[in-house]
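Please view the sequence and the model alongside the text.

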Amino acid sequence: MSNEPIHIIGGGLAGSEAAWQAAEAGAKVILHEMRGVRETDAHQTEDLAELVCSNSFRSDDYEQNAVGLLHEEMRRCNSLIMRAADQHKLPAGGALAVDRHGFSAAVTVAIANHANITVVREEIADWPPGDWQHVIIATGPLTSPALAEAVLEKTGEDSLAFFDAIAPIVHYDSINHDIAWKQSRYDKAGPGGTGADYLNLPMDKDQYFAFVEALKTAPLHEFKDWEKVPYFDGCLPIEVMAERGPETLRHGPMKPVGLTNPRNPTVKPYAIVQLRQDNALGTLWNMVGFQTKMRYGIQAEIFRMIPGLENAQFARLGGLHRNTFINSPKVLAPDLKLKVDQRIRFAGQVTGVEGYVESAAVGLITGRMTAAESLGGSLPIPPATTALGALIGHITGGHIEAESYSGARSFQPMNVNFGLFPEVTITKPEGVKRWRGPEKTIAKRRAITSRALDDLKAWA
């Protein structure tokens, strides 16, 4: 058994979850967080696990959605991140959305009060010292330049960066409620929701195309080599989507399906903008899917073209932050250890997972595995049939390199999804000759999630 503490670099979702899991297992943890000493371009507070983009953890349906299954697996593994999310959830249809300030404050207090965790506010600007026997690097998308350079030098792999775009937040009382109506898509009620959890703003055809044209001509923040930035499709800036075709937005975040305008129920809007509650008081609402790289001076002008937002006041305009992740399939072993330095594990978004929950999930695994080793034991990787195991399997070995490799890395960030799971065999219920409609898909997902939770129980 080692008396050496586990050093965790980074106090975001992954680092906080890793610290919690390791400490709960009985290991001593030192959590190094640079905010408070060095600020980032995206964070606004010094709280741990601060949410800098959306406040949604996405679907909470563990039977039919892969991220919902990941939620449930993490809950069953005593996840601090899921506990804080459940304590501070907001109405959001079928999604699990949280009050961002209450959520991060709860994580910060839990970490600060744990007897096995010491939080040190400092920047780790070089490779971890040689006398640190157990290290988890969980610096996330905003890894400090000095540490990023050290990682690059150690691994010999170029870091691959992209920019995450942040959606604007609107003051509720500045929205025109004679135009907006409350309804979740298909009236679906999620955790703490009622089925009327989103504000909907309708557009007719002329309004929609005028809006798309404004997006396409808006001045943008300028970055070096901007054209070469590989965006992740799950978080594209809205103006980038507009550039992909005039109908792209109304088949994406502005799709008019599953919603009926009660003030004009016989006329279907050509497109619909949705806003989701962003804080517990209900005073702030974020524009769903409206991440943007537009310059601040033009954002409010363009967004006020949306019916219902003519006089909108913005608590926060959209913005961008750099996101750096390593080429995990090449540099990490299956147990998330760095191949060239077995003291080091990586966790969170820096490994090439995408999403809050996925980042925290990798922290959960690294925290448990590192704690087991520091206490003289070992812990296997979660089964590939679980959401946790499927996610780890993808970032460490499930990726297939592009056939025509030309120097550009083909490994890209990934959300958890059912395509990462091993196949499952399903049979028709007795008396059923053929599947009808979505019955087979529903049955397959239930089989995957049931198998996952059974296999997780044996591992956890």
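In which strand does Ser59 lie? Ser59 belongs to strand S3, residues 56-59.

## Basis

The model is predicted, so local features need pLDDT of at least 70 and side-chain atom pairs count only at pLDDT 80 or more, while totals for chains, interfaces and linings use all residues. Residues are numbered from 1 along each chain as its sequence is written, and side-chain values use heavy atoms, with hydrogens and water left out. Helices (H or I, at least four residues) and strands (E, at least two) are DSSP runs, numbered from the N terminus.

## Ser59

Ser59 is buried, at a relative accessible area of 15%. Buried means under 20% relative accessible area, exposed over 50%, and partly exposed in between (1.4 Å probe, protein chains only). Leaving aside neighbours within four places in sequence, Ser59 is in contact (heavy atoms within 4.5 Å) with Asn65, Val67, Gly68, His71, Gly94 and Ala95.

## Strand S7 and its partners

Strands count as paired if DSSP finds at least two bridges between them. S7 (residues 134-137) pairs in the parallel sense with strand S1 (residues 6-9) over four bridges, and Ile6 stands opposite His134. With strand S17 (residues 341-346), S7 pairs in the parallel sense over three bridges; here Ile136 is opposite Arg345.

In a regular strand the side chains alternate between the two faces of the sheet. In S7, His134 and Ile136 point one way, Val135 and Ile137 the other, and all are buried.

## Nonpolar cores

A nonpolar core is a set of buried Ala, Val, Leu, Ile, Met, Phe, Trp, Tyr and Cys residues joined through side-chain atoms within 4.5 Å. The largest has 83 residues, and Phe57 and Phe103 have the most contacts inside it. Helix H10 (residues 356-374) supplies the largest share of this core, nine residues. Apart from this core lies another, of 35 residues, including Ala180, Leu249, Ala271 and Met294.

Not counting residues up to four places away in sequence, Phe103 touches residues including Leu13, Phe57, Ile81 and Val98.

## The six-strand sheet

An open sheet with antiparallel pairing has the strand order S10-S11-S12-S13-S9-S14. S10 (181-182) and S14 (314-316) are at the edges with a single partner strand each, so one side of each has no neighbour in the sheet. S14 pairs with S9 (residues 169-171) over two bridges in the antiparallel sense, and Val170 stands opposite Phe314.

Helix H6 (residues 205-217) lies across S11 (198-203) and S12 (271-277), and runs at about 95 degrees to S11. Axes are lines fitted to C-alpha atoms, for helices over the stretch in contact, and angles run from 0 to 180 degrees between N-to-C directions.
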